[in-house]
Amino acid sequence: MRRVTPKPVFLTALPRTLLQGAALGLILTAATAGTARAADAPMADAAVRARADALIAQMTPEEKAGQLTQYFDFPMPAEEKRVADEVRAGRAGSLLFLSEPDKINQMQKIAVEQTRLKIPLLFGFDVIHGLRTIMPVPIAMAASWDPKLVEKGQAVAAEEARSVGIHWAFAPMVDIARDPRWGRIIEGAGEDAYLGSVMAAAQVRGFQGPYIGATNHIIAGPKHFAGYGAALGGRDYDEVDLSDSQLWNVYLKPFKAAVDAGAGNIMSAYMGLNGVPATGNHWLLTKVLRDTWGFKGFVVTDAGAAHDLATHGYAKDNADAGVRALTAGVDMEMAPPFGESAYRTLPASLAAGKVTNAQLDGAVRTILETKIRMGLFERPYADAAKSARILADPAHREMARIAAERSAVLLVNEDKLLPLDRGRVKSIAVIGPLADAARDTVGPWVFAQNDTETVTVLAGIKAKAGRDVRVDYAPGVTMPARLFPSIFDAGIGKAAPRPDIDDASEIPRAVALAKAADVAVLVLGEAQNMIGEFASRSSLDLPGRQQELLDAVIATGKPVVVLLMSARPIDMKGSKPKALMNIWYPGSQGGAAVANLLFGDAVPGGKLPFTWPRDIGQIPLTYAHLTSHQPANAEKRYWNESNAPLFPFGYGLSYSSFSYSNLKVARPSIAPGESVDVSVDMTNTGQRTADDVAQLYIHQRYGSSARPVRELKGFQRVTLKPGETRSIRFTLSPEELRYWTAASGTWVQDETTFDVWAGDSSAATLATTFDVKKP
């Protein structure tokens with residue numbers, strides 16, 4: 001955990017809530033030996049440790065187990081009473097799923113005023129891409145290739161969350177996803193370890209600020225440690241079998257970046273990793289996370305993952321599951337909803353000698369230190385009036401609009417159909433089941449969202465078009481229901497009912513509107529409950545009869561713009577609209593952003609964070625593959641169609657055009673352990689001020705192991721005026737040039753030759769080389 005230690009300032013007092021506890025003299029003696037927190041600065045480690053240890057010295061085993069237990073607090077009378085009773089008895093240290101200040105304060109008051117030691121609760125919530133103001137979904141933000149934007153977006157989410165009394169986000173999800181059938185691809189940054197690491201660090205900084213407890217910030221909780229994105233077949237919750245090379249070189253890297261950025265929490269994964277459940281994996285949670293990386297925060301399970309160690313056939317029973325999770329390195333159990341906590345059995349396990357006091361106290365200490373750093377003993381309650389002002393801040397909505405504009409990826413733009421020409425386009429047919437779907441526009445992981453605040457694509461186009469352009473609308477087809485309903489389809493987050501539509505009559509009506517319009521804008525894709533957790537798919541096709549609708553509208557001969565609302569690549573079966581833009585799930589201001597993009601008031605500059613396959617049979621398909629046998633025939637691996645991607649990783653068009661030239665490596669040869677600078681000139685050769693993302697790729701020709709044909713090692717999103725040229729500089733450090741090899745089971749940097757490419761995607765052709773060799 002990154003901490004900035006201020007100059008010592010001795011404590012003269014303790015929080016009033018602690019003064020009410022037992023053993024007052026002990027607490028005073030321990031705490032006054034530490035240092036106090038200066039204004040807007042982190043607390044010193046010694047002071048935090050002293051306060052935590054003073055509390056631990058007073059706690060019973062039951063109270064310690066309580067601090068390590070987190071309960072769901074669902075809005076059901078019986079469940080609310082059960083959870084309140086657990087809090088009152090000192091058997092709960094954290095709650096989740098509350099997001100209203102009055103309810104949070106109500107539960108906090110029980111902990112602070114009705115328990116023996118007056119220890120405040122830590123409140124967590126799934127603040128994935130916003131709380132009240134919803135940003136584009138995380139993979140969309142990654143598509144911006146703009147870490148500063150990502151950091152600002154999560155800072156908005158953090159401010160809103162902290163204002164209502166939430167202290168901790170179960171985010172960012174930093175799992176690498178190379179199988180788009182996996183629904184949780186939407187929560188991460190795609191297939192690449194370098195891009196994923198940059199985005200992981202940016203989100204941690206956005207959530208937490210410069211240190212744990214910073215004003216208007218919350219604790220970041222990177223998840224799911226580790227390998228969850230590699231589930232077999234892309235099936236959520238299924239097992240994961242990864243080589244050590246894949247783990248160290250790809251799947252662990254974003255977690256390491258998050259830890260280096262100061263993340264205060266890590267969430268363990270549900271699934272088994274190479275035969276050992278992640279939540280009971282001592283090698284993963286202790287040897288790697290703490291011993292190798294030096295992580296100082298706390299580890300929490302995913303929902304019910306400790307209890308599930310018995311389900312996996314790893315633990316004998318619930319009590320054994322609690323022992324195995326604790327001794328593996330899990331500090332807090334997110335108890336299963338409506339289920340029995342495994343950590344509630346820890347006092348009995350302690351008495352039986354199955355866990356030690358030191359193990360139990362070590363876990364409790366991480367939780368108490370976090371609460372102390374967050375200032376919860378001094379300021380346990382949310383300020384509802386202040387929260388209302390923060391949640392209504394128009395600057396947050398503006399941030400959401402900008403984020404949606406910068407996240408969109410333009411994939412096709414034949415005859416420069418986009419941006420739409422206001423002088424020629426006098427009528428628009430807006431068609432599709434997602435065009436006016438507020439709940440779908442914000443995407444999944446949104447709870448208690450007010451749909452009236454969301455700008456849909458239809459609303460955005462109408463507002464932008466004004467009176468001079470006729471806008472007609474038809475949903476075109478129904479969005480089919482899932483065969484197996486989503487776990488989020490009931491209760492909180494439930495979508496509004498969709499209008500009943502007869503596809504047989506609605507498709508011809510939509511086609512008629514397209515024929516009568518100058519241009520047709522189709523908003524197609526997947527409903528928000530078709531992506532996310534428990535939302536894996538066996539197909540990448542457009543759900544329902546959307547493909548039939550698309551083909552029928554294209555057949556009219558009118559110019560067609562397709563806006564894809566999705567977080568995974570979609571197979572449109574070879575259909576060729578004039579323009580295709582991936583707008584993802586663009587958030588609260590999505591419709592306003594899309595309208596600006598369509599009419600040219602914003603220019604698309606996003607890039608794909610994954611490789612887009614032609615067919616689902618190609619999966620997994622990643623740009624960073626090994627050369628393997630017969631590389632010249634790599635695109636001919638299937639006899640019936642090309643194995644080349646439809647769109648490569650890093651791809652995205654603009655309303656302008658760019659060229660790259662003058663690629664230079666500062667030195668032709670460097671020694672192992674040295675850095676080298678690389679520069680390339682980027683020129684806007686078009687007629688509009690616009691952004692492009694300069695991307696740097698390398699390939700190691702030979703060494704201890706075969707290395708991928710290309711690996712991203714740097715990028716910069718740059719805005720240029722027409723005709724402007726800028727020299728873009730990158731630094732390749734030893735960190736970028738080393739890798740983990742199975743040949744020796746260690747990290748190495750070889751003496752070798754590196755190929756270097758720079759350009760606007762992973763298919764860049766501008767190249768040079770440099771050598772690494774000992775002097």
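My entries below go from ring pairs to charges over rings.

**Ground rules.** I am working with a predicted model, where local features need pLDDT of at least 70, side-chain atom pairs count only at pLDDT 80 or more, and totals for chains, interfaces and linings use all residues. Residues are numbered from 1 along each chain as its sequence is written, and side-chain values use heavy atoms, with hydrogens and water left out.

**Ring pairs.** I looked up the aromatic pairs and found 30. Rings of Phe, Tyr and Trp (its six-membered ring) pair if their centres lie within 6.5 Å; planes under 30 degrees apart are stacked, over 60 edge-to-face, and the rest tilted.

**A stacked pair.** I noted Phe74 and Phe338 as stacked, with 5.1 Å centre to centre and 25° between the planes. They sit 264 residues apart, Phe74 in the loop between strand E1 (69-72) and helix H5 (77-88), Phe338 in the loop between strand E9 (333-334) and helix H15 (346-351). Helices (H or I, at least four residues) and strands (E, at least two) are DSSP runs, numbered from the N terminus.

**Buried or exposed?** I checked Phe74. Its relative accessibility is 14%, so Phe74 counts as buried (under 20% relative accessible area, with a 1.4 Å probe and protein chains only).

**An edge-to-face pair.** Trp182 and Tyr228 are edge-to-face because their planes stand at 85°, with the ring centres 5.2 Å apart. I marked both as buried.

**A cluster.** Ring pairs link Phe72, Phe74, Phe97, Phe125, Phe338, Trp445, Phe447 and Phe488.

**Charges over rings.** Lys223 lies over the face of Trp445, 5.4 Å from the ring centre, and Arg710 over that of Trp757, at 3.9 Å. For this, NZ of Lys or CZ of Arg must be within 6 Å of the ring centre and within 35 degrees of the ring normal.

Methods. Buried < 20%, exposed > 50% of the residue type's maximum accessible area, 1.4 Å probe, protein only.
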